[in-house]
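Colleague: I would like to learn how to read helix packing and annotated sites in a model of this kind. Could you take me through the features one at a time?

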Amino acid sequence: MTGNSPDLLIKNIGVLATPVGNCAAGGDGQSDIQFIENAFITVKDGVITVVGSAENLAHIIPGEKTVVIDAGGKLVTPGLVDSHTHLVFSGWRQKELSLKLKGMKYLEILKMGGGILNTVRNTRKASLDELVANGMKSLDRMLEHGTTTCEAKSGYGLNLEDELKSLMAIKEMDRYHPVDVVPTFMGAHAVPEEYRENKKEYLRLVVEEMIPRVARDKLAEFCDVFCEEGVFDIEESRYILECGRAHGLVPKLHADEITPMGGARLAAEVGALSAEHLIYATDDGIRAMAEAGTIAVLLPGTSFYLGESFARARTMIEAGVPVALATDFNPGSSPTESLQLVMNIACLKYRMTPEEVLTAVTLNAAAAINRASITGTIEVGKLADIVIWDAPDLDFIFYHYGVNLVRTVIKKGRVVVQKQERQEDQNAAFGVPH
Ligand SMILES: N=CN[C@@H](CCC(=O)O)C(=O)O
Ligand SMILES: [Zn+2]
C-alpha cells in the first residue's frame, strides 16, 4: 500500500498555470497556458504522477510517509528555467557603475582592458573551490527566486587550464546544488589580452585545443560565441561554432547585442539551438530564425542595466520565433540572479503578456537548453520542479513587482525553499496592545 502512495501531495492549489508539451512554443502557441483551478499534484520518486482537480482528490490515498503541502489557495507554476547565465566568475565589477553613469559605453570599457577582461584576470587567480563557492551562493539566490534549472557558461578563463577549471566548477555545482546546472563552453567570450595582437592564434587555441578537450571530457553540451564588433566577427563565429558542432557541442550564439552584425541569420544558418540578446536583430535575421526554428533567448535585464534598446520581442513572437527569457546573470552587464525581475521587465518593456512570459521562462527556456522533455511544464512524467507563489493568480506576479513572491520551491519532489508564512492569527493580533 505504502509502496503506491505518493511521496508528495500538493493540495489546495488555487490555480495551477503551466504550458504543455515537450517542444518550444512560438507564435500564438507562446500564450497557450493551461489553467486548472482547485488543483492538486502528486509526486513519486521526484517525478509528477498525477495532476488533477479537487473533485478527484478523494482517489488519492496518502501513505504514512507522504509529505502533504497545503498550497493555501495560491498560484502554482513550473519551476523557472534560466537559460542564459555567466555563473562562473570571481570578482564583482561595481566600480564600472560610476563609469557607466559618466557615459562610458560597455564596449569602451572592454577595449580599455576592463569589463570581461577584468573578470578574466580575477577568475584566473581563483581556485576551483572559490569559483564553486561563489557560484553556489548565486545558485542559492536563484533558487530563492524560483529558478530550479539554469544554464551556465564558461568564458572568464580564456586559456585551456582556466576554461577547464570553470567547466569543472559548473560540474561540481550541478552535483551539489539542488538547481540543475547545464554547461556551455564559451572560450570565445573575448580575445584575451595576451592574444590581442594575434587573434588568429587564439582562434587556433579555441578550435584545436579547447573544444576537443572539452568534448573529450564531456564538460559541456553547448558551444557559444560573443559575435560582436571588436570581439568575434561573423566568419570567426561560424568557424568556431562549426568546429564545436563537429565535436558534438550544440551551437548557441550571442547575436546582435550591441551592434547589428547579422548574428541572428548566422545562428539560423549554423543550426544553432538558440540565438541570445538579439537587440539589433534585423527583419531578415528574425525571418531566418523563424524558418530554422531557432529559439530567441532574450535578456531584457541587460538592456535595462546597460541603458540599451529593448529587443523586438513582439516582432519575433509574431514571426513565429519561440521566445525564451533569461537573466544573463554576470558581474558586468546584468548582475542579478532574479528571473522574477526579468519577467517583470519583459512584461512592461517588451509588452509580453503574463502567459507569454510564463512560457518563456519555463517550456521555451527548457527547450533552449535541451531539457524540455524533463522539465518546464507541470505534466505527468516530468520532474516535480514546482513553485508555489504568494499570489492569487498569474497576473499578480507581473503586477506586484520588485519583491520576491516565491513561497515554496520544490525541486525533483523535494521542498528546497519554504518561506515562513504570516499566520492568520498573527495578522489578526497586529495592532493589539501587549
Ligand atoms: N556580452 C557578452 N557577455 C555577457 C557580459 C559579460 C560581462 O560583461 O562580464 C553578456 O551576455 O551580457
Ligand atoms: Zn551572455
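**Helix packing and annotated sites**

Modeller: Helix α6 and helix α7 (residues 234-246) pack with their axes 10 Å apart and at an angle of about 10°. That angle makes α6 roughly parallel to α7, since angles under 35 degrees count as such. The contact brings together L203, V206, V207 and I211 of α6 with E236, Y239, I240, C243 and G244 of α7, and by class these residues divide into 7 nonpolar, 1 polar and 1 charged. Please keep in mind throughout that this is a predicted model.

Colleague: What describes two packed helices?

Modeller: Two packed helices are described by the angle between their axes, together with the distance between the axes.

Colleague: At what angle do α5 and α6 pack, and how far apart are their axes?

Modeller: Helix α6 (residues 199-216) packs with α5 at an angle of about 30°, and the axes of the two are 10 Å apart. The two helices are therefore roughly parallel to each other, and α5 passes α6 in a right-handed crossing. On the α5 side the meeting residues are L160, E163, L164 and L167, while α6 contributes E209, M210, R213 and V214; by class, this contact has 5 nonpolar, no polar and 3 charged residues.

Colleague: How are α4 and α5 oriented to each other?

Modeller: The axes of helix α4 (residues 128-144) and helix α5 (residues 160-176) cross at roughly 50° and come within 9 Å, and α4 and α5 are therefore oblique to each other. Their crossing is right-handed. From α4 the contact draws on L128, L131, V132, G135, M136 and L139, and from α5 on K165, S166, M168, A169, E172 and M173, giving 8 nonpolar, 2 polar and 2 charged residues by class.

Colleague: Turning to the annotations, which residues does UniProt list for "binding site"?

Modeller: The unreviewed UniProt entry lists H84, H86, H254 and D328 under that name. Although these positions are spread over 245 residues of sequence, they cluster in space, with a largest C-alpha distance of 12.1 Å. As for H86, this residue lies in the loop between β6 (80-82) and α1 (95-101).

Colleague: Which residues does the annotation "domain: Amidohydrolase" cover?

Modeller: According to the unreviewed UniProt entry, that annotation covers residues 68-94. In the model, the span is 0% helix and 37% strand, and its end C-alpha atoms lie 44 Å apart.

Colleague: Finally, which residues come nearest to ligand 1?

Modeller: Of the 14 residues around ligand 1, those that come nearest are I116, F226, N330, G332 and S333. The shell as a whole, sorted by class, has 3 nonpolar, 9 polar and 2 charged residues.

Key. Residues numbered from 1 in each chain as written. Chains lettered and ligands numbered in written order. Predicted model: local features only at pLDDT ≥ 70, side-chain atom pairs only at ≥ 80, totals over all residues. Axes fitted to C-alpha atoms, helices over the stretch in contact; angles between N-to-C directions. Helix = DSSP H or I, 4+ residues; strand = E, 2+ residues; numbered from the N terminus. Parallel < 35°, antiparallel > 145°, perpendicular 65-115°, else oblique. Left-handed = near helix turned anticlockwise from the far one by under 90°. Contact = placed C-beta atoms within 7 Å. Nonpolar A, V, L, I, M, F, W, Y, C, P; charged D, E, K, R; others polar. Near = placed C-beta within 6 Å. UniProt positions renumbered as here; feature names shortened; annotations may be inferred.
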